[in-house]
Amino acid sequence: MAELAAVSGLSPRHFIQAFTSTFGEPPHKYVLRLRLNFAEKLLVENVLSIAEIAHLSGFSDQSHLTVTMSKHRNKTPRQVRQQR
């Protein structure tokens, strides 16, 4: 966050406020949403394993993806894959 703030010429606090004002959500939530969207796309379109998709989506492992997706999307990667 500090690097992004520095590039934009703002303090980290002001960067987060400006980002939230512009995009309607804080940077962390924005990036997490993008990562989950990408993971869902891969789950539906590809034949990669869930562990591989977790890695490609920036999660530490399959369990991390599952816990995060369950918390924020109320479904597991397996459920997403079965809905395709």
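Arg33 counts as partly exposed, at 33% relative accessibility. On this scale, buried means under 20% relative accessible area, exposed means over 50%, and partly exposed lies in between (1.4 Å probe, protein chains only). The model is predicted: local features need pLDDT of at least 70, side-chain atom pairs count only at pLDDT 80 or more, and totals for chains, interfaces and linings use all residues. Residues are numbered from 1 along each chain as its sequence is written, and side-chain values use heavy atoms, with hydrogens and water left out.

**Arg33**

- Arg33 sits in helix α3. Helices here are DSSP runs (H or I, at least four residues), as are strands (E, at least two), numbered from the N terminus.
- Leaving out residues up to four places away in sequence, Arg33 touches Glu25 and Arg73. Contact means heavy atoms within 4.5 Å.
- Arg33 and Ile16 are 17 residues apart along the chain, and their C-alpha atoms are separated by 16 Å.

**How α3 meets α5**

- Two packed helices are described by the angle between their axes and the distance between the axes.
- Helix α3 covers residues 27-45 and helix α5 covers residues 62-73. Their axes come within 11 Å and cross at roughly 110°.
- Axes are lines fitted to C-alpha atoms, for helices over the stretch in contact, and angles run from 0 to 180 degrees between N-to-C directions.
- The helices α3 and α5 are therefore roughly perpendicular to each other. The angle classes are: under 35 degrees roughly parallel, over 145 roughly antiparallel, 65 to 115 roughly perpendicular, and the rest oblique.
- From α3, the contact uses Leu32, Arg33, Arg35, Leu36, Asn37, Ala39, Glu40 and Leu43. From α5, it uses His64, Leu65, Thr68, Met69, His72 and Arg73.
- The residues of this contact split into 6 nonpolar, 4 polar and 4 charged. Ala, Val, Leu, Ile, Met, Phe, Trp, Tyr, Cys and Pro count as nonpolar, Asp, Glu, Lys and Arg as charged, and the others, Gly among them, as polar.

- Glu40 lies in α3. Glu40 is buried, with a relative accessible area of 18%.
- Outside its sequence neighbours up to four places away, Glu40 touches Met69, Arg73, Lys75 and Val80.
- Thr68 belongs to α5. Thr68 is buried, with a relative accessible area of 10%.
- Not counting residues up to four places away in sequence, Thr68 touches Leu32, Leu36 and Phe59.

**The nonpolar core**

- In soluble globular proteins, nonpolar side chains tend to be buried together.
- The largest nonpolar core has 12 residues: Leu32, Leu36, Ala39, Leu42, Leu43, Ile50, Ile53, Ala54, Phe59, Leu65, Met69 and Val80. Such a core is a set of buried Ala, Val, Leu, Ile, Met, Phe, Trp, Tyr and Cys residues joined through side-chain atoms within 4.5 Å.
- Helices α3, α4 (50-56) and α5 each supply at least two residues of this core. The most come from α3, with 5 residues.
- With residues up to four places away in sequence set aside, Ile53 touches Ala39, Leu42, Leu43, Leu48, Leu65 and Arg81.

**Loop residues**

- Ser57 is placed in the loop between α4 and α5. Ser57 counts as buried, at 4% relative accessibility.
- Not counting residues up to four places away in sequence, Ser57 touches Arg35, Phe38, Ala39 and Leu42.
- The Ser57 side chain reaches the backbone oxygen of Ile53 at 2.8 Å.
- Ser11 is in the loop between α1 (2-8) and α2 (12-23). Ser11 is partly exposed, with a relative accessible area of 32%.
- The side chains of Ser11 and His14 are joined by a polar contact of 2.9 Å. A polar contact is a pair of N or O atoms within 3.5 Å; within protein, one must be able to donate a hydrogen and the other to accept it, and residues adjacent in sequence count only if both atoms are side-chain atoms.
- Ser11 and His55 are 44 residues apart in sequence and 31 Å apart in space, C-alpha to C-alpha.
- Asn74 is in the loop between α5 and α6 (77-82). Asn74 counts as exposed, at 68% relative accessibility.
- Phi of Asn74 is near 55°, a positive value in a residue other than glycine.
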